[in-house]
Amino acid sequence: MNPQRNRFFWMEGVTEREVVRHLNDETPSRLRTRKCRRLLVVAVATGALFMGVLALVPDTKIQSYLEFVSIAALIGLYLALRKSVRLIADAPNELLDERQISVRDAAHTVAYRLLAILSVVFLILFLIADSAETTAVGRGTPLLIGFMLLAASLPSMVLAWNLPPED
Amino acid sequence: MSRQKEDPVFNRVEELRLTRGLSRQQLADLVGVHYQTIGYLERGEYSPSLVLALKIAKVLDVEIPEVFSIRPFKKDK
């Protein structure tokens, strides 16, 4: 990697420097233990489910705050999840070797299948939540944001669940 | 994630690497992969592509059947 250059990969949403840094990080990290990786997967899934439940409840001020906190927590969990798998799920081919490309592509295949199923579930929930709209923003909006975050996290979630523990 | 579960490929990468005094990082740099990939390979958790197997054999200066096999290696080898 050219130290002067820090390419941004638009499709993947990562920079060359951050991917290389995470891939070569030899510092032991709790995030990269199997237990922690799987806990993160469960936490993201629970967070997304919580968003779904919140969207079905009639609007109140407290619920709006809860939605905001949930979205913030989901974003934090998403970033931690990416770190736990060394950004492999979001890295471009040119920064990965053949094994990393293989596990990334396998994770994307599983994530795509899961996304197809989850899309139907979220569409139904979205229609129910949006039909009960009582605010200008619409009850379905936080649900949609939660779903988008879950969709973005899915490849990393699959990878985090399946990767063996590091050395 | 699945290929090696179906068709295990046995190897002597660690043994040959150590006899040549190479670290995982050094071997990884010589064959152009991440150092962790060498670890996965040595533990039998990943089966390399033909290109990578050829590169490893070349760096270790042996023929492919001396490093990789679909049958377990005899211990005295």
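Which residues of H3(A) are buried? In this predicted model, the buried residues of that helix are Gln63(A), Glu67(A), Ser70(A), Ile71(A), Leu74(A), Tyr78(A), Ala80(A), Leu81(A), Arg82(A) and Ser84(A). In an α-helix there are 3.6 residues a turn, so residues three or four places apart point the same way. The length of H3(A) was also examined: at 1.5 Å a residue, its 24 residues should span 34 Å, and the end C-alpha atoms are 35 Å apart, which agrees with that expectation.

Just after H3(A), the backbone of Arg86(A) takes a positive phi of about 55°, although Arg86(A) is not a glycine. This residue belongs to the loop that runs between helix H3 (61-84) and helix H4 (98-131) of chain A. Because its relative accessibility is 3%, which is under 20%, Arg86(A) counts as buried. Leu87(A), which is found in the loop between H3 and H4 of chain A, likewise has a positive phi, near 65°, in a residue other than glycine. With a relative accessibility of 2%, Leu87(A) also counts as buried.

Further along chain A, Leu150(A) is placed in helix H5 (residues 140-162), and its relative accessible area of 7% is under 20%, so that Leu150(A) is buried. When residues up to four places away in sequence are not counted, Leu150(A) touches Val44(A), Ala48(A), Leu118(A), Phe122(A) and Met157(A). One of these residues, Ala48(A), stands 102 residues from Leu150(A) along the chain, yet the C-alpha atoms of the two are separated by 6.5 Å.

Turning to chain B, the secondary structure comes to six helices and two strands, which follow the pattern α-β-α-α-α-α-α-β when read along the sequence. Of the 77 residues in chain B, 40% are buried. Among contacts in this chain between residues at least 6 apart in sequence, 59% join residues that are at least 24 apart.

Two helices of chain B, H3 (residues 24-31) and H5 (residues 50-60), pack at an angle of about 120°, with their axes 9 Å apart, and the crossing of H3(B) and H5(B) is right-handed. To this contact H3(B) brings Leu27(B), Leu30(B) and Val31(B), while H5(B) brings Leu52(B), Lys55(B), Ile56(B), Val59(B) and Leu60(B). The residues of the contact divide into seven nonpolar, no polar and one charged.

Terms used: Residues are numbered from 1 along each chain as its sequence is written. Chains are lettered from A and ligands numbered from 1 in the order in which they are written. This is a predicted model: local features need pLDDT of at least 70, side-chain atom pairs count only at pLDDT 80 or more; totals for chains, interfaces and linings use all residues. Side-chain values use heavy atoms; hydrogens and water are left out. Axes are lines fitted to C-alpha atoms, for helices over the stretch in contact, and angles run from 0 to 180 degrees between N-to-C directions. Helices (H or I, at least four residues) and strands (E, at least two) are DSSP runs, numbered from the N terminus. A crossing is left-handed if the near helix is turned anticlockwise from the far one by less than a right angle, and right-handed if clockwise. Contact means heavy atoms within 4.5 Å. Ala, Val, Leu, Ile, Met, Phe, Trp, Tyr, Cys and Pro count as nonpolar, Asp, Glu, Lys and Arg as charged, and the others, Gly among them, as polar. Buried means under 20% relative accessible area, exposed over 50%, partly exposed in between (1.4 Å probe, protein chains only). The expected span of a helix is 1.5 Å times one less than its number of residues.
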